[in-house]
Structure formats: structure tokens, C-alpha cells
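Please look over the sequence and the model shown here before reading the report that follows.

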Amino acid sequence: MQTPFIQDGQATTRAVEALLREHPDALVCGLAGNGLIVPVPKAVGLWGQGAIEGRALIDGVVAADRETVIKTWLAARAEGAAEGKVRLLNHPSRWVTLHFLDLREDHDVLLGILIPGEDVRGEQEAPEPEVEPAKPRFATITEDEAGHVLDVDDAFTQMFGYTAEELIGKQVLDQIHPDEQGRAVEGWLAMLSTRRVQQQRVRRRRKDGSWVWVDTTLHNFLNHPDRNYVMVEIIDASAEMAAQEALQEREELLRTLTDAMPVGMLHVDSERKLVYHNARLLHILYDTAPGAGPQQGAAGGRPGLHELLSSLTEQGLAAFDAALEELLREGRDHDLEVDVVLPSGQWRRALMSMRALFRHGGEVSGAITCVLDVTDSVRARQELEHRATFDALTHCLNRSSTLDAVQQELEREDTRATAVIYLDLDKFKPVNDTLGHAAGDELLALVAERLRSASHGRDDVGRLGGDEFLVLLRDMPGPDMAMEVAERVRDAVQQPYRLAATTVEVSVSMGVACTVTGEDVSAEELIKRSDAAMYRSKQARLGIPVLAAAPEHARA
């Protein structure tokens, strides 16, 4: 049975009850927060299970499996429950399943459960492995007020390799690592002056020169009847420290790898609190050198999530918040592009790939977001879209985009009319023939600028090809207003043009077509009407806009 990793106190209590019901042959003990065995609370109902005796559960496990006990213990304290396979000293050939379950919320203890397993020798009756005798993990030493050793127990001599004769009567401060000697002296003086128990973690040297991490507890029994000594209790903490150091090494390796990645990384927990970000993220969001950027929040601590993402635009931050809320609520991944404004004012576009993180029970525990600078690809995409939409010379809409714009306007459901002005330059060919195509291109670009200036801000200007242009007029009350706009456009276009080589004048022929109420007309048909009106204007050679006649059914 797999122990569920659940931090819900009630769920953990139910898991305990299920385990105990299923395994009446298990051994059980209560554990204090420091790992020492305490009585099982009466509120925890047992089903005939025996009690685990001793000072700590780890004392009854073979040396090779003690690291498993430590790792399982740490996992249970973090996740609520954990399990592992270990062998006991009294039967090293048999595996048992060790469960740690955190009941501190309801019963102020953690529960240790040992469930018997099968013999590791199996059918082939492999020889029982030689198990290294376990070294004691708990020892006691007594000292006088000046720190001279009065006595040591057998466990101390086994743990550190010294004989009692080598220690009694001597000070053993030099057996404490130089980096911790100052702290050890401070703890000793505090114990003497306050008579309170002092605890500290230090490294002590074995006789062979190696160092071992120990938890030391100082008890002041000086001037007590029948005592008059300081009792120093020592617990071997090397396995726990080794596990912590290994974890720190893995975390440092992970941090080094993520900082070297070309992608920004952001980790938040289920409460939207910032857990980690790499250096690349700051470079993307702030264009910073390593170590720069918002390293601190407004209150002086680590920056909050919004402080870290403050270079996102308001719309980008809102989109990120909405996606993160849905991801944490439903576990749904998101990919979104957001705009970033650097402190220098430079614009960037970032792709944020947001992925949910899950606990073993299926709950969302947070989110990891990879942030990629896609500014160059977005600019390239925008350039392609621009080229597909606009005329490269005049920056007007190209022919296909002009037809699309007219068609979309005609498909709108409102009562106002839509009009188009078809323009053709009358004296453009002589400019090309006498001054060259460069001058002709310059003239077309200037004409386009005047068309945009003369038309309404909501109107579109398109180049149909050559020297022919179309102006789309939106929300016209009727043909009279369209003709007024056409005359204003004509006056602007027919003013002299100062080119690089000389000054030229052109005239323009213009045809105007306007829809009528209830008319169902396509863009091609409306433009065809304006084209026909433009040719009538060209035939008159007066440069006067001509209004296309309404269709027969509209006049009727």
C-alpha cells in the first residue's frame, strides 16, 4: 500500500487508521519533533500492534539503511507522510516497510509504523549478508565547571574512538571544529550563567581525525545534590547533515544549470508566491547584467511576483495573472505572448509558457514558467504581415487589402452609407518619361501622403496599381458629403509637388460611388461604379469629381 503524500491533517489521520486496520502485526511508536520516541496518544486507536521500544527508531535499523530513515523522516515532515524500505538490527535479512505520518496537527506527534515484509533471501536461500555493527548514535559525557571531563559512557568511546583514560581530567574543546569553537564557548557560558539548557549543532573530531556532525545539549547540574557536574548529551546528526548537504548540492547544480539556460525561468507556489527565478529572466525583462534588476522588494526582502514582472505592460500583466489563476485553479497549461517595456523604453515581446506542477495526490502545487524573448521573430512576422497588407512604395493598402477593407465595411450592419473615391493621375506618364521612374515613384509617395491628410482619420487609402488610388469613406450620411470630401481631396492632390529634381503639377480624374439604404452590393461592384465615373471625369478633362449613378432598382 502506497502511503499518500498529503498535507491535510484529516486525510493523514484516515491514512493512519487504514494502515493500522490492514496491518495488525505492525510495530508502532510516537515520535517527537526531534525524532525521539514518545508514547502513542490514546486518541490514536491501535488494532493490536506492538510498541517500538528504545530512544529513537533509527537505533534499531542497520547502518546501511539509516540514510533511508533520515530521508523518509524529512519527506514526512514536509509532505505529511512518506515511506521507505529498511532492515532492522534484530533481523537484518528481512525488509520492513517504514511509514512516517505527521499527526502533529491533531495529536502533536508523528507516528512511526513498521510493517513486516518478506525475507530478502528468497527461494535461492542466498547467504545472509554481513551487516556492519551499528555505531551508537547517542552518547553522554560529564564535565566540571571548567570544562574538564569527569566521565564518559561506552557509547562516546565507540562513537569517537577515544578511551575514557584519554579523556578524563582533560578539556576537549580542541575536539570541536575550529569554525564552531566560538559558538561552543558562548553556549557553555550561557549555560553556566542562565542555568538553562543550551543546544547547538557542531562538528566533533574522532580519534582518527575525521569529523562528525552532532547535536549537543548542555544540562547544568552544578551544585545539585549528588551531582555537581555538567551533563553533555550528544546525538549523531551526520546522516541528516549528509542528506541536507546532498540536497544543497543538487539545488546548487540545478541553479547553475537554470542560470546557464537561454530561457528565463520563474517558479511560483500555489499561493502565487515567488519561489525562484534565474538570471536570464532578469536579462529578458530588464536587459540587466548578471546580478542587476529587482533583487529586492519594496519592503527590503525578496521581490514579489508583481515587482519582478513590473516591466510587463498593464495588459501583459493582466493576461499573465488571468492565465496563472486558471492554471492554479484547474491545472491547465497556458502559452501567451506579452509586451515588455525595458527601463530604457525599448519594446520587447516575450513568450511565456506556463506549466502546472502537481503533488502526488494530484493537487496543483505551483507553476513553472519559461520566458523566451521572441522580439526578433515577432518583428519579422509583423514585417511579413505589413508587406502582405501594404504597398511598399506608398505605404497605402495594396489592392487585395483595399478590396477586403471595402467588403468588410459593406458587411457592417448600420444605416449609414459607404462611399469610395477612385482617383487616376492625369499627367503622371510625362513625369516618368521626362524625369525618370525615380521621380515618378517620389511623386506617387507624395500623392499618397496628401490623400491620407485630406481624407478623414477613419478612412482608408489604397493603391490599386500604377497611378490609380482608392479612398474608402466610412459612415457617410449620403452622396453629397462624399462629393464634398472628393473635392477636398482633389484640391489637395492638384497642388504643385516639389521633387528632388524639380517641381511638377498633376491633375486628377475622380469618380465617386456611394451606397444607398437597403442596397446589397459587393466591393467589386461598388469600385466598378466609381471606376466608370472616373472615366467620365477623365473624358471631361476638367478635374472635377463625377458621382456614379445609382443602380436602376435603387432609383425605382
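## Helices across the sheet

Helix α6 (residues 178–194) lies across β7, β9, β10 (211–220) and β11, and runs at about 145° to β9; contact here means heavy atoms within 4.5 Å. Helix α7 (residues 238–260) lies across β9, β10 and β11, running at about 125° to β10. Axes are lines fitted to C-alpha atoms, for helices over the stretch in contact, and angles between N-to-C directions run from 0 to 180 degrees.

This is a predicted model, in which local features need pLDDT of at least 70 and side-chain atom pairs count only at pLDDT 80 or more, while totals for chains, interfaces and linings use all residues. Residues are numbered from 1 along each chain as its sequence is written, and side-chain values use heavy atoms, with hydrogens and water left out.

## The five-stranded sheet

An open sheet is formed by five strands in the order β8-β7-β11-β10-β9, with antiparallel pairing. Its edge strands, β8 (149–152) and β9 (198–205), each pair on one side only, and the twist averages 30° from one strand to the next. Helices (H or I, at least four residues) and strands (E, at least two) are DSSP runs numbered from the N terminus, and two strands pair if DSSP finds at least two bridges between them.

Strand β7 (residues 138–143) pairs with strand β11 (residues 230–236) in the antiparallel sense over six bridges, and Thr142 stands opposite Met231 in β11.

## The β4–β5 hairpin

β4 and β5 form a hairpin with two residues between them. Strand β4 (residues 81–88) pairs with β5 in the antiparallel sense over eight bridges, and Lys85 stands opposite Thr97 in β5.

Nine of the 12 residues of strand β5 (residues 91–102) are buried, so this strand is largely enclosed by the rest of the structure; buried means under 20% relative accessible area, exposed over 50%, and partly exposed in between (1.4 Å probe, protein chains only).
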